[in-house]
Amino acid sequence: MPERPDSAKPVLSSVEGGQPPLREAALFGLCPRCGARTLFAGWTAFAPSCNACGLEFHKFNVGDGAAAFVTMVVGGIVMILVIVVQLVADPPWWVHLLLWIPVTTFGVIGALRVAKAALLWSEFRQKTGEAGRQ
Ligand SMILES: [Zn+2]
């Protein structure tokens, strides 16, 4: 068996040699088949395939639904926080810019990674389940 690079080894001991549960796969960007942290090649872009097990991520169709949903949810949460901060502290307008632009940007990116990883994990489980029934 070829030696895997360090980045391709399973992150958590609970996924050693097996498929990670949804929560861990979504939070840490783990490959749904082997549990290695190889799912993302960029901030929110999937890698073409897993370096450890060869699972081809580009064959899964996660779609853009997650992006629209996540953006609306994060936007709603941020707007509630903006209103609360305005009512409690009444800061100058530029404080809102300095505070909420980074919070929104990183909130959307983080939530999008979790949502996309969860959708890919779900699609992988569905396909392997269907393959087992034939
Ligand atoms: Zn893998």
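Predicted model: local features only at pLDDT ≥ 70, side-chain atom pairs only at ≥ 80, totals over all residues.
**Helix α2**

Helix α2 covers residues 65-89, which makes 25 residues. I checked its span from first C-alpha to last and got 36 Å. That is close to the 36 Å expected at 1.5 Å a residue.

Next I asked which residues of α2 are buried. I found A66, V70 and V74 on that list. An α-helix has 3.6 residues a turn, so residues three or four places apart point the same way.

I then looked past the end of the helix. D90 follows α2. Its phi is positive, near 50°.

**V74**

I picked V74, which sits in helix α2. Why does V74 count as buried? I counted 20 other C-beta atoms within 10 Å of V74. The cut-off for buried is 20 or more, so V74 qualifies.

What does V74 touch, leaving out residues up to four places away in sequence? I noted T104, G107, V108 and A111. I also looked up the pair V74 and L112. They are 38 residues apart along the chain, and their C-alpha atoms are separated by 9.8 Å.

**The whole protein**

The protein has three helices and zero strands. From the N terminus on, I read the order as α-α-α.

How much of the protein is buried? Of its 134 residues, 20% are buried.

Last, I checked contacts between residues at least 6 apart in sequence. Of these, 50% join residues at least 24 apart.

Technical notes: Residues numbered from 1 in each chain as written. Helix = DSSP H or I, 4+ residues; strand = E, 2+ residues; numbered from the N terminus. Buried ≥ 20, exposed ≤ 12 C-beta atoms within 10 Å, placed from the backbone. Contact = placed C-beta atoms within 7 Å. Expected span 1.5 Å × (residues − 1).
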